[in-house]
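Subject: Structure handover

Hello,

Here is the structure I promised you. Please open it alongside this message; my notes follow below.

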Amino acid sequence: RIVSLHPGGKEAQEARAVLGDIYRDRFKDHLAAIAQYAAIAASSSPLAPRYQLEVARGYLALGRFEQARTEARLLREKWPKDDLADEAQLLTGQAWALEKKDDEALRALQALVDRAPRPDVKARALEAQAHLHAQAARYDRALELYALALPTHPNPDAIRTNIEPVRERREKGKTAKPGDRA
């Protein structure tokens, strides 16, 4: 009702945000949530970048990877100095990775690292790169990236948990030496 009575007001934007959260979290209706978030993102609200990122995340959750990358690019172009621009670049790398296009994902994540984002965002980008290298059996590079991500990662235990299986796979992948009974 607030949205229909005062469509351009601050209260309407707050109501749209709550409606988007309800559609997304309770009803699992990402398209309806995207519609609400997109209305806020298109406004002159100071919260517009946040909801532009939510639009991109919504498309990512729906598996519409190209649209997710497009929405993330819009955020980076409209608000390049905003901290969420780095989150949008991370989302772009994730979309490429989910689409199984590892080279593009690695390039997008490296572009984020090169931008010198906040340390926690950089660590998450390094972790994502390490995952991709580990999946491609480039274990040494994966371990290097995990080591770079470890000091500033928001969840260092997750990094430590990932390192051990990569080390084990690296050891199992080594060639046997003549005379080695194992």
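The protein chain has 10 helices and 0 strands. Read from the N terminus, the order is α-α-α-α-α-α-α-α-α-α. Please keep in mind that this is a predicted model.

Overall dimensions next. The C-alpha trace spans about 80 × 35 × 25 Å along its principal axes.

Then packing and surface. Of the 182 residues, 41% count as buried. I also looked at contacts between residues at least 6 apart in sequence: 43% of these join residues at least 24 apart. The accessible surface of the protein chain is about 10700 Å². Carbon and sulfur atoms account for 51% of that surface.

On charge, the protein chain carries 31 positive and 27 negative charges. Their mean positions lie 1 Å apart.

Now the aromatic side chains. The structure holds 2 aromatic pairs. One of them joins Tyr23 and Phe27. The ring centres are 6.3 Å apart, and the planes make an angle of 50°. How accessible are the two partners? Tyr23 has 28% relative accessibility, so it counts as partly exposed. Phe27 has a relative accessible area of 56%, so it is exposed.

Two backbone positions deserve a look. Which loop holds Lys28? Lys28 sits between helix H2 (10-25) and helix H3 (30-41). Its phi is positive, about 55°, although Lys28 is not a glycine. At 59% relative accessibility, Lys28 is over the 50% cut-off and therefore counts as exposed.

The other position is Ala137. This residue lies in the loop between helix H8 (119-135) and helix H9 (139-149). Ala137 is not a glycine either, and its phi is positive, near 65°. Is Ala137 buried, partly exposed or exposed? With a relative accessible area of 45%, Ala137 is partly exposed, because that value lies between the 20% and 50% cut-offs.

When you go through the model, you could start with the loop that holds Lys28, then turn to the loop that holds Ala137.

Best wishes

Definitions and conventions. Residues numbered from 1 in each chain as written. Predicted model: local features only at pLDDT ≥ 70, side-chain atom pairs only at ≥ 80, totals over all residues. Heavy atoms only, no water. Helix = DSSP H or I, 4+ residues; strand = E, 2+ residues; numbered from the N terminus. Buried < 20%, exposed > 50% of the residue type's maximum accessible area, 1.4 Å probe, protein only. Contact = heavy atoms within 4.5 Å. Areas by Shrake-Rupley, 256 points an atom, 1.4 Å probe, with all protein chains shown as cover. Lys, Arg positive; Asp, Glu negative; His and termini not counted. Charge placed at Lys NZ, Arg CZ, Asp CG, Glu CD. Phe/Tyr/Trp six-rings, centres within 6.5 Å; stacked < 30°, edge-to-face > 60°.
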